Amino acid sequence: MKKAKNQAITKDFAGAVESLQKVVELDPQNFEAYDALGSLYHNMKDTDKAIEAYNKSLDIAPNNAMTWADLGSLYIFKGDLDRGIEYLNKALNLGGLSDK
């Protein structure tokens, strides 16, 4: 994961994706790697792959409020306001988005 983060920082997005794909091949339950893939794909404007990665993360960790928020934001970005708001509300209801 550290290698992928460094690659993303240096804007080697293709390399970061490849590194994260190797992580999930070795550890298919690594929801953090799927979250990172979702974020990376979102930054690359590949919304379909971002949605797929975030959904895989939620399959593993369904109570992760930040992933629900990221996915909700992505749907809003994509123009699906109803689904985006639904997912943002889910994140808020999980209580993981407070400053405390």
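**Reasoning about helices, burial and contacts**

Visitor: Why does Gly72 count as buried?

Guide: In this predicted model, Gly72 has a relative accessibility of 0%. The word buried is kept for residues under 20% relative accessible area, and therefore Gly72, at 0%, counts as buried.

Visitor: Where is Gly72 found, and which residues does Gly72 touch, not counting residues up to four places away in sequence?

Guide: Gly72 is found in helix 5, and once residues up to four places away in sequence are set aside, Gly72 touches Gly84, Tyr87 and Leu88. Gly72 and Arg83 are 11 residues apart in sequence, while their C-alpha atoms are 6.9 Å apart in space.

Visitor: What makes helix 5 roughly antiparallel to helix 6?

Guide: The axes of helix 5 (65–78) and helix 6 (81–94) cross at roughly 165° and come within 7 Å. Angles over 145 degrees count as roughly antiparallel, and therefore helix 5 is described as roughly antiparallel to helix 6. Helix 5 also passes helix 6 in a left-handed crossing.

Visitor: How do the residues of the contact of helix 5 with helix 6 divide?

Guide: The residues that meet include Trp68, Leu71 and Gly72 from helix 5, and Gly84, Tyr87 and Leu88 from helix 6. By class, the residues of this contact divide into 12 nonpolar, three polar and two charged.

Visitor: Which residues have the most contacts inside the largest nonpolar core?

Guide: They are Leu20, Leu37, Tyr41, Leu71 and Leu74, in a core that has 24 residues. Helix 5 gives the most to this core, with six residues, and helix 2 (13–26), helix 3, helix 4 and helix 6 are also among the elements that give two or more residues. Leaving aside its neighbours within four places in sequence, Leu37 is in contact with Val17, Leu20 and Ala53.

Visitor: Why does Glu52 count as partly exposed?

Guide: Glu52, whose place is in helix 4, has a relative accessibility of 46%. A residue is partly exposed when its value lies between the buried limit of 20% and the exposed limit of 50%, and therefore Glu52, at 46%, counts as partly exposed.

Visitor: What makes Lys45 exposed?

Guide: Lys45 has a relative accessible area of 58%. Since exposed means over 50%, Lys45 is therefore exposed. Lys45 lies in the loop between helix 3 and helix 4, and its phi is near 65°, a positive value in a residue other than glycine.

Terms used
Residues numbered from 1 in each chain as written. Predicted model: local features only at pLDDT ≥ 70, side-chain atom pairs only at ≥ 80, totals over all residues. Heavy atoms only, no water. Core = buried A, V, L, I, M, F, W, Y, C linked by side-chain atoms within 4.5 Å. Buried < 20%, exposed > 50% of the residue type's maximum accessible area, 1.4 Å probe, protein only. Helix = DSSP H or I, 4+ residues; strand = E, 2+ residues; numbered from the N terminus. Contact = heavy atoms within 4.5 Å. Axes fitted to C-alpha atoms, helices over the stretch in contact; angles between N-to-C directions. Parallel < 35°, antiparallel > 145°, perpendicular 65-115°, else oblique. Left-handed = near helix turned anticlockwise from the far one by under 90°. Nonpolar A, V, L, I, M, F, W, Y, C, P; charged D, E, K, R; others polar.
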